[in-house]
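Please have the sequence and the structure in view while I speak.

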Amino acid sequence: MFAIEILSNFTGINNKPAKIPSVALKKAKIMDSLFFKPIQFLWLLLLAAILSSCGSSTSLTTRYAPFHPANNTAVNFTFNTSDNDGIARAELFVYEYELYVNPDNNMRSARQRPGGQWGFVRDWNYDPEPTSANETHNFSAGFAAGSFVRFLVRITDGKGRNKSEDWYFAAGDWPYGNSPIPILGKGAPAKTIDVAFVADRTDYSSGRDMLPDLEGLIFDGYHINNAIRNRRQLWSFYYSPQRGFISDYDSGVLTMDIPSSVSNSSIIDHAAVIHTTVKRDWASGGNFGTEPTNIGTAVHESGHSSFGLADEYNSGNCRTSSDPYHNVYSSRSAAETYNTDHGWPTSDVEEIFSGCFRVEPSSLNCIMLNDGDATMPDFERSCILRTIWYYSELTN
Ligand SMILES: [Zn+2]
């Protein structure tokens, strides 16, 4: 069902309803984060070498499981690829870092683990060359306590072109207390949308207990959305070791408990309380609750929290969406002017309820109109324009 937005408290987890100031804020605080500069620098060097010949016709998605693997627990690395020119070769690389606190500056840092896995793990060579391949490698040794792992899959197609994808994640005992633990990321937090999942204490015995439910929410949820799948490496996901709580909207009591280590984090943009008990969900301060299977609800809510988009359905409140790209206005004339300025018919403007107007028609069925619950609607015309602008600001 639709989640309810509590507009009176719509201030954002870091008090950043507009994105440009928040990006600046995050950049300023980057040194506070786990992602100490040397590791970023190292990644840049690696990526420059590895990604210099990206093919465009190869599709490639990768995943790993389980999330936040325990000490020395086997990890499965999986890829799914297709290419009309055929798949000639696939390679898996794994880089194992150890997390530590640098005594010189007290910074949380990562460095290559002595004796750890560093680079090529295995390859798959195909003859004849299939047009698609789906493989899993079981990395049986796993990783020690305090590990930070980067894995990369590189595909070579039948014409010798390469495409690769890489991710990082934490493995083994987490050395940094209650700080949000990275489960899937790529870039530095200042350049990504950072989402933290919090286990509802009603349904989960620990934060870790929630992790199996997050695999589908991320890989078969966020990653399949039309505004995310080709920008999925601009989204980073974390989970809180501490649990939280969100009440049922219909209970009449609105309580959302987000651990302070999440709400005070300088890198987390918004949080989602994950519950399996069926509740009517709601959002406040950029944070929200959802069942892990309601992938459309989660992305709809992130559409508010990250992109600043407004509801295109009658939620009982009207909030003009954020400048400079809109999907909702509280004035018909402003909505019509917006469409004219962007080459769309003024007749596309529709009244949601008295004094509230969407600029794209309901026939497009944008995810901000209908969140889809356990299905994944697309972001449509006006919303897509907003997401493109947002990503360009984020990566500038
Ligand atoms: Zn909404």
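**Aromatic rings**

I begin with a cluster joined by ring pairs, whose members are Tyr64, Phe67, Phe77, Phe139, Phe143, Phe151, Phe169 and Phe219. Rings of Phe, Tyr and Trp (for Trp, the six-membered ring) pair if their centres lie within 6.5 Å; planes under 30 degrees apart count as stacked, over 60 as edge-to-face and the rest as tilted. Please note that this is a predicted model, in which local features need pLDDT of at least 70 and side-chain atom pairs count only at pLDDT 80 or more, while totals for chains, interfaces and linings use all residues. Residues are numbered from 1 along each chain as its sequence is written, and side-chain values use heavy atoms, with hydrogens and water left out.

Over the whole structure, the search finds 28 aromatic pairs. One of them joins Phe307 and Phe379, and this pair is edge-to-face because the ring centres are 5.7 Å apart and the planes stand at 90°. Helices (H or I, at least four residues) and strands (E, at least two) are DSSP runs, numbered from the N terminus.

Tyr325 and Trp389 form a tilted aromatic pair, with 6.4 Å from centre to centre and 50° between the planes. Tyr325 lies in the loop between H5 and S18 and Trp389 lies in helix H7, so this pair ties together parts that are 64 residues apart in sequence. Tyr325 is partly exposed, with a relative accessible area of 24%, whereas Trp389 counts as buried at 14%.

As for helix H7 itself, its 15 residues should span 21 Å at 1.5 Å a residue, and the end C-alpha atoms are 22 Å apart, which agrees. The expected span is 1.5 Å times one less than the number of residues. Among the buried residues of H7 are Cys383, Trp389, Tyr390 and Leu394.

**Charged side chains**

Side chains of opposite charge can pair when their charged atoms come close. How many salt bridges does the structure contain? The count comes to 19 salt bridges, each being a side-chain nitrogen of Lys or Arg within 4 Å of a carboxyl oxygen of Asp or Glu.

Asp85 and Arg161 form a salt bridge in which the closest N and O atoms are 2.2 Å apart. This pair links distant parts of the chain, 76 residues apart, with Asp85 in the loop between strand S3 (75–82) and strand S4 (87–102) and Arg161 in the loop between strand S8 (147–157) and strand S9 (162–171). Both partners count as partly exposed: Asp85 at 25% relative accessibility and Arg161 at 33%.

Arg150 and Asp166 also meet in a salt bridge, at 2.9 Å from N to O. Arg150 is in strand S8 and Asp166 in strand S9, 16 residues apart. Arg150 is buried, with a relative accessible area of 2%, and Asp166 counts as buried at 3%.

A salt bridge at 2.7 Å, N to O, brings together the side chains of Lys279 and Asp200. Both of these residues, Lys279 and Asp200, are buried. Elsewhere, salt bridges that share partners join Asp85, Asp157, Lys159 and Arg161 into one network.

I close with the strands. An open sheet of 3 strands has the order S2-S3-S7, with antiparallel pairing; two strands pair if DSSP finds at least two bridges between them. Its edge strands are S2 (59–65) and S7 (132–139), each pairing on one side only. S3 and S7 pair in the antiparallel sense over 8 bridges.

Another open sheet of 3 antiparallel strands runs in the order S18-S20-S19. S18 and strand S19 (350–353) stand at the edges with a single partner strand each, so one side of each is left without a neighbour in the sheet. S18 and S20 pair over 2 bridges, and the bridge partner of Tyr329 in S20 is Phe357.

How values were computed. Buried means under 20% relative accessible area, exposed over 50%, partly exposed in between (1.4 Å probe, protein chains only).
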